[in-house]
Amino acid sequence: MRRVWVWLAAGLTGCLSIQAKAWAFGTAVRVWLPESVSTFAPAIDHLFYVILWITGIVFLLVQGTLLYFLIRYRRRPGVPAAYTHGNVAVEIVWTVIPSIIMIWLAFSSQRVWAHVRGTPPPHDLEIEVTAEQFVWNIRYAGADGKLNTDDDILTINQLHIPVHKTVLVRLRSKDVIHSFFLPQFRIKQDAVPGINGRLWLQAVKEANVEIVCAELCGLGHYRMRGFLTIETPDAFHAWIASQAGQGT
Ligand SMILES: [Cu+2]
């Protein structure tokens with residue numbers, strides 16, 4: 001029996017050491033999630049890891065206890081089965097503690113959700129993304145600063161945004177349901193035909209990341225990927241000017 005606990009302890013120690021390395025080396029060690037580049041990603045990651053740790057520890061405790069009981073109370077010749085009718089104190093404890101954890105998690109996640117998916121903050125740039133089998137059509141306002149006018153700048157699968165600026169993305173679909181997913185931003189939203197979606201984001205560093213379609217949208221779903229370039233405002237304006245110059 002002692003061996004089971006040794007194995008459980010070894011597993012937990014292994015998890016702890018991987019986590020400790022992640023903390024010690026910062027971004028150098030990626031245990032689970034990809035690099036994060038948005039303002040709200042740390043809050044989401046924090047919740048994710050808190051939930052992972054709570055559920056991981058509970059999983060080990062429950063499975064460990066189950067194993068212990070399986071072995072300790074296994075059928076043996078000459079040993080009568082032991083009957084139990086529960087224990088009120090223990091049942092109160094294992095009801096109240098999870099309830100407190102769940103309520104605390106509900107309030108914590110609601111706060112993050114309201115920040116990320118509630119009313120967007122004032123934006124510096126507005127972009128329209130229209131999903132289509134199997135590309136991302138991206139529309140920027142032209143010189144008049146307004147979307148859906150003659151001087152709009154259109155690109156396919158190439159999204160550029162300036163770093164440290166709040167960007168409002170208007171999301172639509174031409175055909176079927178797609179899902180606009182930016183893993184490094186920790187944001188994902190369905191693009192549904194007939195519904196005007198909306199999300200906002202702000203990048204904290206320059207980077208090149210991918211736009212992924214996270215909804216099986218047809219045979220070409222696998223190749224529905226776009227490229228998001230986060231760059232300095234100067235580089236962004238130069239890029240916009242170059243795109244406008246191409247008359248696209
Ligand atoms: Cu798609």
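User: At what angle do helix 2 (residues 41-72) and helix 3 (residues 88-117) pack, and how far apart are their axes?

Analyst: They pack at about 165°, with the axes 10 Å apart. Keep in mind that this is a predicted model, where local features need pLDDT of at least 70, side-chain atom pairs count only at pLDDT 80 or more, and totals for chains, interfaces and linings use all residues. Residues are numbered from 1 along each chain as its sequence is written. The axes are lines fitted to C-alpha atoms, for helices over the stretch in contact, and angles run from 0 to 180 degrees between N-to-C directions.

User: What is that pair of directions called, and why?

Analyst: Helix 2 is roughly antiparallel to helix 3. With about 165°, the pair lands in the roughly antiparallel class. Helix 2 also passes helix 3 in a left-handed crossing, so the near helix is turned anticlockwise from the far one by less than a right angle (clockwise would be right-handed).

User: Which residues make the contact between helix 2 and helix 3?

Analyst: Helix 2 brings A43, I44, L47, I51 and I54, and helix 3 brings I101, L105, S108, S109 and V112. Being in contact takes C-beta atoms, placed from the backbone, within 7 Å.

User: How do those residues split by class?

Analyst: There are 8 nonpolar, 2 polar and no charged residues. The nonpolar class is Ala, Val, Leu, Ile, Met, Phe, Trp, Tyr, Cys and Pro, the charged class is Asp, Glu, Lys and Arg, and the others, Gly among them, are polar.

User: How many helices and strands does the chain have?

Analyst: The chain has 4 helices and 10 strands, in the pattern α-α-α-β-β-β-β-β-β-β-β-β-β-α along the sequence. Both kinds are DSSP runs numbered from the N terminus: helices are H or I, at least four residues, and strands are E, at least two.

User: What order do the strands take in the open sheet?

Analyst: The order is 3-2-1-5-8, with 5 strands and mixed pairing. From one strand to the next, the twist averages 25°.

User: Why do strand 3 (153-156) and strand 8 (197-202) count as edges?

Analyst: Each has a single partner strand, so one side of each is left without a neighbour in the sheet.

User: What makes strand 1 and strand 5 a pair, and in which sense do they run?

Analyst: Pairing takes at least two bridges found by DSSP. Strand 1 (residues 125-132) and strand 5 (residues 166-173) have 7, in the parallel sense.

User: Is I153 buried or exposed, and how do you know?

Analyst: I153, in strand 3, has 20 C-beta neighbours inside 10 Å, so it counts as buried. The cut-off is 20 or more other C-beta atoms within 10 Å of its own for buried, 12 or fewer for exposed, and in between for partly exposed, with C-beta atoms placed from the backbone. Across the 248 residues of the chain, 15% count as buried.

User: What class does F181 get, and why?

Analyst: F181 has 18 other C-beta atoms within 10 Å, so it is partly exposed. F181 sits in strand 6 (residues 178-182) and touches K188, V212, C213 and A214, leaving aside residues up to four places away in sequence.

User: What stands out about the phi angles of N157 and H164?

Analyst: For N157, phi is near 65°, a positive value in a residue other than glycine. H164 likewise has phi near 65° and is a residue other than glycine. N157 lies in the loop between strand 3 and strand 4 (158-162), and H164 in the loop between strand 4 and strand 5. N157 is partly exposed, with 16 other C-beta atoms within 10 Å, and H164 is partly exposed too, with 14.

User: What kind of peptide bond joins Q133 and F134?

Analyst: That one is cis, with omega about 5°. F134 belongs to the loop between strand 1 and strand 2 (135-140).

Terms used:
Parallel < 35°, antiparallel > 145°, perpendicular 65-115°, else oblique. Contact = placed C-beta atoms within 7 Å.
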